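This report goes through one protein structure, part by part. Please look at the sequence and the model before reading on.

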Amino acid sequence: RDLDRRLAELGARRLLERVDADLDYQPIYGGWSPAALDRVAAELEPLPSGGGQVRDAEIVPLRAHTQARHDRDHPYRARVLNNRPLTTPDAVAEVRHLVLGLDPRAMSYAPGDSIGVRFRNDPALATRVLAATGLEGESAVTLGEESLALVDALATRLELTRLHPSLVSAWTGLREDPSLGALVREGEALRAYCRQHQVIDLVTQYPARPQAQQLAGLLQPIQPRLYSIASAPAEYDDEVHLAVSVLRYRVDGQDRLGGASGFLAERLGEGDPLDIYVAENPAFRLPGDGDTPLILVGAGTGVAPFRAFLQQRAAQGDRGRNWLVFGNRHFRRDFLYQTDWLRLRKAGVLNRFSPAFSRDQVPGGQRRLYVQDRLRAEGAELWRWLAEGARIYCCGCPAMESAVRETLAAVAFDQGGLSGDAALEFVENLRRDGRYLRDTY
């Protein structure tokens, strides 16, 4: 919208009116694309007669057999081989380790990639939404060109655990409520409400009686969830491993469960099928030179891709040193993949390990210790690794990554003697030169 407005201000002429789409863009794009191509063709000036010879196109048929590509619209059906907890029962957040079996001839991946998971809503949640809206589950609704029962649409096709601002805004047309209207008018408050609530919260807090097709049209389609791959194909060519943090929270005294993580944790057992696809991440890859030192910074399940990195480096016989900086809440409850790090340390693959368990008691009553604090405390060693050409990877939430970036600048200031501006430029150069790579979610 900003680009469209600015181009108009500069005198540009639209070939077509702007079309806005969100995650479910395919139906809109399907109508827009032919219109755009037709308009461009109409705008092109024909070649002047006799203005020169035009060479005919040369068509080269592709005869080689090509492997069917699995993507979000054509997922691969994997089988669950293992589904076990990585955390103790008293951990603040449950994290599970999933092992999925696959055929490497049908689907391949690289360390740094993610797996897209197609999931189904909890049938009990679909039933609760029906009860709150007073609708019959067998009512027929149309999604695209398909007709199905509303209860099936709610359970398998429509988003119930992520609340979209557009739904809340549209709900004001079904329920006149001053507080709801005020919420919709305050953009940041609306976004905060959607982050903390689900569809069931909206329809129970602000009851309304939509028609079945009306409700189906207001809800967003279920979007696959992405999880970083925690295994290397060089070690597990017919498996892919995931670390899944199970989202649990409470709203007005009621338990809420994440859509995909709840499905994976509570309704998916060994032997069950799971539709998945690879979401490639070429901007988060191992270096081609196996001698390059690596500094791997991950918090929580952000450590998953680094398990894949170290497995791959071990299998390839890479000689570059590896330093893992891992953060979580408690040593005893949340030490994800502890036995893997010990094995890799013993094998000489993991050369340095720096843990930061933020909620364990710190001597002297100091503040909580996070990965950025560990990096700052070991700043002299960090600066030596950087001077030797180390590449830094950071995976976790955006706030953590921002703190790591600030710490890198602080280390450049403290250990490298750079000015404040030069330290910031140093970090920016690391990013621009492909020596600081990040994957945030």
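In which sense do strand β3 and strand β10 pair, and over how many bridges? Strand β3 (residues 114-118) pairs with strand β10 (residues 273-279) in the antiparallel sense, over 5 bridges. Within β10, Ile276 is the bridge partner of Val117.

## Basis of the model

The model is predicted: local features need pLDDT of at least 70 and side-chain atom pairs count only at pLDDT 80 or more, while totals for chains, interfaces and linings use all residues. Residues are numbered from 1 along each chain as its sequence is written, and side-chain values use heavy atoms, with hydrogens and water left out.

Helices (H or I, at least four residues) and strands (E, at least two) are DSSP runs numbered from the N terminus. Two strands pair if DSSP finds at least two bridges between them.

## The open sheet

An open sheet is formed by 6 strands in the order β6-β3-β10-β1-β2-β7, with antiparallel pairing. The edges are β6 (225-228) and β7 (239-245); each has a single partner strand, so one side of each has no neighbour in the sheet. On average, neighbouring strands of this sheet are turned by 40° against each other, direction ignored.

Helix α10 (residues 259-266) packs on the sheet and touches β1 (76-85), β2 (95-101), β3, β6, β7 and β10. The direction of α10 makes about 65° with that of β6. Axes here are lines fitted to C-alpha atoms, for helices over the stretch in contact, and angles run from 0 to 180 degrees between N-to-C directions. Contact means heavy atoms within 4.5 Å.

Strands β8 (residues 248-251) and β9 (residues 254-257) pair in the antiparallel sense over 4 bridges. They form a hairpin with 2 residues between them, and Asp252 in the turn has a positive phi of about 50°. Tyr249 has Arg256 in β9 as its bridge partner.

Arg256 is also in contact with Asp201, as are Tyr193 and Val251, leaving aside neighbours of Asp201 within four places in sequence. Asp201 is found in helix α8 (residues 199-205). Its relative accessible area is 2%, so Asp201 is buried (under 20% is buried, over 50% exposed, partly exposed in between, with a 1.4 Å probe and protein chains only).

## Cysteines and Glu401

How many disulfides does a search of the whole structure find? The search finds 0, a disulfide being a pair of cysteine sulfur atoms within 2.5 Å. Cys394 is in no disulfide, and the nearest cysteine sulfur, that of Cys395, is 7.5 Å away. That distance is too far for a bond. Cys394 is buried at 0% relative accessible area, and Cys395 also counts as buried, at 0%.

Cys394 is touched by Glu401, which also touches Tyr436, Arg438 and Thr440, not counting residues up to four places away in sequence. Glu401 lies in helix α16 (residues 398-416) and is buried, with a relative accessible area of 4%.

## The largest pocket

The largest pocket holds about 1,400 Å³ of space. Its lining has 49 residues, and Arg162, Arg225, Leu226, Tyr227 and Leu247 lie nearest its centre. Two or more lining residues come from each of α7 (187-196), β6, β7, β8, α10, β10 and β15 (436-440).

On a 1 Å grid over the protein atoms alone, a pocket is an open set of points where a 1.4 Å probe fits, with protein on both sides within 12 Å along at least five of seven lines; lining residues have an atom within 4 Å of a point. Grid points are joined across faces, edges and corners, and the volume is the space filled by probe spheres set on the points.
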